[in-house]
Amino acid sequence: MSGQGLEGFYRAGRRLLSRCRLRVAGREPLPVQARMTGADQARFVGTLRLSPAAGPDPDVVVERTRHADGTERITLRSAARHPLRLPVEVALGTDLADLGAIASGTAGPELQASVHDSGLRWSSPTATSSVTADPSPSDAIASAGLLRWELEVPPGGTTEVELRVRAGAAGPLRAAGRAAASPLAAAEATGDDPRVPALLRTSIEDLHALLLRDPAHPSDMYLAAGAPWRCGMAPAEALTAARMTLALGTRLAAGTLRTLARTQVPGPGPQAGMIPGPRRDAGAHLPPACTGTEATLLFPVLLAEARRWGLPDQETEELLPTAERCLTWLRTSVGDGTYLPDPQPGGPWRCETQAHAHRSALLGADLLDACGRPGGDGLRQWARELRAAFRRDFWVDDRGGGRPAAARDPAGRPLPHLASSTVHLLDTGLLGAGELAVGLLDKVQTEQLARLLGGPAMDTGWGLRGLGAKEPGHNPFGHRTGAVRIQETALAVTGLAAAGYEKEASGLLRGVLAAAEHFGHRLPEMFGGEQRSPWSAPVPHPAACRPAATAAASGVLLFTALAGIRPDAPARTITLRPMHSAPLGEVGLTGLRVAGAPFAIRVSRLGLAMVEEAADGLQLGV
């Protein structure tokens with residue numbers, strides 16, 4: 001770590017250490033390799049040639065293993081034939097800046113260190129951090145931020161130094177997934193395509209690394225949005241990722257729902273029933289959106305679908321009042337109108353917001369009926385009215401066959417830009433008996449949207465652009481104006497496959513797997529939306545989280561969609577709708593969870609699905 005750019009150890013949105021430079025015998029090792037060895041661990045290898053008689057070969061290898069819990073192990077390995085006495089020094093520094101300042105380039109200078117315990121300490125008015133070493137250094141120079149050792153390395157032997165970064169008096173960080181039983185099943189994949197098991201394995205590893213616990217309720221776990229920028233609760237992303245990973249069990253969904261239920265805005269008032277969330281940039285064409293709106297609409301959807309996957313009745317009943325208040329907020333916010341504005345009041349009518357609201361109403365109505373609560377009929381009636389109006393008001397006719405508008409302003413004027421946010425129109429939600437809820441688009445409009453999503457204006461060959469390549473304001477690296485976002489690509493694959501457009505779904509699926517291979521199967525939140533060509537590679541986005549909750553969860557969702565798994569645990573049935581084109585050849589999935597029990601499925605090269613393990617009494621649906 002050089003102290004430049006984004007580099008550093010972070011905790012709770014603050015950089016605890018920004019500089020950590022190693023010198024051995026007065027020289028920095030020559031870097032030869034740097035790679036991620038896990039979602040929360042990286043390995044760096046350098047070499048040194050210290051003996052003139054050694055010729056061109058290095059006689060010391062320096063390995064640095066850096067872990068997200070705040071530890072770094074420095075290992076010196078000697079190939080010399082005689083003992084080495086090596087002066088080693090580590091130069092340390094930090095600005096204790098928060099993420100906002102770092103992102104905007106206003107982090108400020110490094111702070112002055114002081115000698116503390118077996119290392120150094122830094123303090124600011126709002127934070128402190130320290131680095132301790134084992135073994136203790138022979139010398140610590142606060143003014144230069146230096147720790148020094150004289151280390152003996154035997155012939156062919158090794159010696160180690162371990163550094164530990166801490167915030168204040170806190171102990172080393174431990175991810176929830178490492179400190180407690182994971183809420184995620186240890187699923188595995190096999191198949192003709194070797195990228196399939198690699199992507200699923202790495203996705204689950206990333207999810208484990210992002211697990212956090214509610215400090216006041218340690219049994220409730222949820223996913224941090226991503227590292228390094230959002231290592232905490234982001235309500236909409238946490239709910240989305242929990243929904244995408246229902247095939248790994250319902251415990252993550254339950255923990256996420258309980259955690260967010262405790263944040264719900266009490267009544268009375270215009271925000272009563274809302275799950276709070278921050279604003280999110282929406283690009284140049286629209287004002288920032290409120291992620292609280294999305295989270296409030298997702299809460300009933302996740303609860304309803306988790307019940308289908310096997311969430312116990314008692315947990316469903318405990319969470320139902322929160323879902324009811326979310327649905328009441330929806331109806332109150334719409335009022336006498338048809339569309340839900342975002343942000344409120346007076347915001348535009350966004351395409352994806354109407355899709356979220358429509359899905360929430362239909363799945364919420366289904367949930368209320370199943371639990372013997374009133375209100376379902378009113379939600380279905382409003383959804384019918386929204387559907388009819390949307391098909392009329394949001395469809396923009398053009399010579400290419402038309403497209404859904406990205407939004408309409410309060411005056412009713414459409415924003416006709418083709419954006420990846422339209423994929424939410426294909427994500428209609430799971431009802432009973434393996435049936436999907438009706439969508440906002442009719443059959444002809446859905447077919448046209450499938451054609452657009454599978455075309456070169458949207459499909460980069462690696463995934464979907466956030467904004468069509470021919471649209472005004474397109475930027476391949478724009479967060480919402482051209483970068484490929486893995487979450488939306490995975491939702492497109494799922495929705496297109498469910499609607500019967502397997503050609504388009506298969507193309508996007510293969511593109512994501514190809515991109516994943518370039519990222520070591522650890523998909524980032526987003527990457528540059530440049531067109532794929534022979535010998536090209538996807539370009540990383542400098543502001544992307546990696547690992548990211550929704551990107552890792554997308555790896556699970558893609559294979560769930562490939563197998564077409566649609567459970568109805570209350571009815572003790574499961575319906576299978578695999579992709580008949582079998583775009584990845586034979587695929588086997590084991591260790592999934594349906595109805596509280598292990599579930600395994602195999603999809604053949606002919607696109608036929610066969611259940612290999614399931615809960616007792618679980619029957620195949622028609």
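Where is the place of Pro 268? Pro 268 lies in the loop that runs between α5 and β18 (279-280), helices (H or I, at least four residues) and strands (E, at least two) being DSSP runs numbered from the N terminus. Gly 267 and Pro 268 are joined by a cis peptide bond, with omega about -5°. A cis peptide bond also links Asp 342 to Pro 343, here with omega about 0°, and Pro 343 is found in the loop between α7 (313-334) and β20 (349-350).

The model is predicted: local features need pLDDT of at least 70 and side-chain atom pairs count only at pLDDT 80 or more, while totals for chains, interfaces and linings use all residues. Residues are numbered from 1 along each chain as its sequence is written, and side-chain values use heavy atoms, with hydrogens and water left out. The average pLDDT (the predictor's confidence in each residue, from 0 to 100) is 92 for the protein, and 98% of the residues score at least 70. Over residues 170-174, pLDDT stays under 50, and for this stretch the model has eleven contacts (heavy atoms within 4.5 Å) beyond four places in sequence.

Turning to the helices, a packed pair is described by the angle between the two axes and the distance between them. Helix α5 (residues 251-261) packs on helix α6 (residues 291-309) at an angle of about 150°, the axes being 10 Å apart. α5 is therefore roughly antiparallel to α6. Axes here are lines fitted to C-alpha atoms, for helices over the stretch in contact, and angles run from 0 to 180 degrees between N-to-C directions; under 35 degrees counts as roughly parallel, over 145 as roughly antiparallel, 65 to 115 as roughly perpendicular and the rest as oblique. On the α5 side, Ala 253, Leu 257 and Ala 261 meet Phe 299, Leu 302, Leu 303 and Ala 306 of α6. This contact comprises seven nonpolar residues, no polar and no charged ones, where Ala, Val, Leu, Ile, Met, Phe, Trp, Tyr, Cys and Pro count as nonpolar, Asp, Glu, Lys and Arg as charged, and the others, Gly among them, as polar.

Helices α3 (residues 195-209) and α12 (residues 502-518) pack at about 70°, with axes 10 Å apart, and are therefore roughly perpendicular to each other. Arg 195, Val 196 and Leu 199 of α3 make the contact with Arg 510, Leu 513, Ala 514, Ala 516 and Glu 517 of α12. Five of the contact residues are nonpolar, none polar and three charged.

Among the strands, an open sheet of four has the order β3-β8-β13-β12 with antiparallel pairing (two strands pair if DSSP finds at least two bridges between them). Its edge strands, β3 (19-24) and β12 (139-141), each pair on one side only, and the twist from one strand to the next averages 20°. Within the sheet, β8 (residues 84-93) and β13 (residues 146-153) are antiparallel over eight bridges, and Arg 85 stands opposite Glu 152 in β13. In the loop between β3 and β4 (30-38) sits Ala 25, whose phi near 55° is a positive value in a residue other than glycine.

Elsewhere, β29 (residues 587-594) pairs antiparallel with β15 (residues 188-191) over four bridges, Ala 189 standing opposite Leu 589. β29 also runs antiparallel to β30 (residues 597-603), joined by six bridges, with Val 594 partnered by Ala 597 in β30. Two residues separate the strands of the β29 and β30 hairpin, in which Ala 595 takes a positive phi near 55°.
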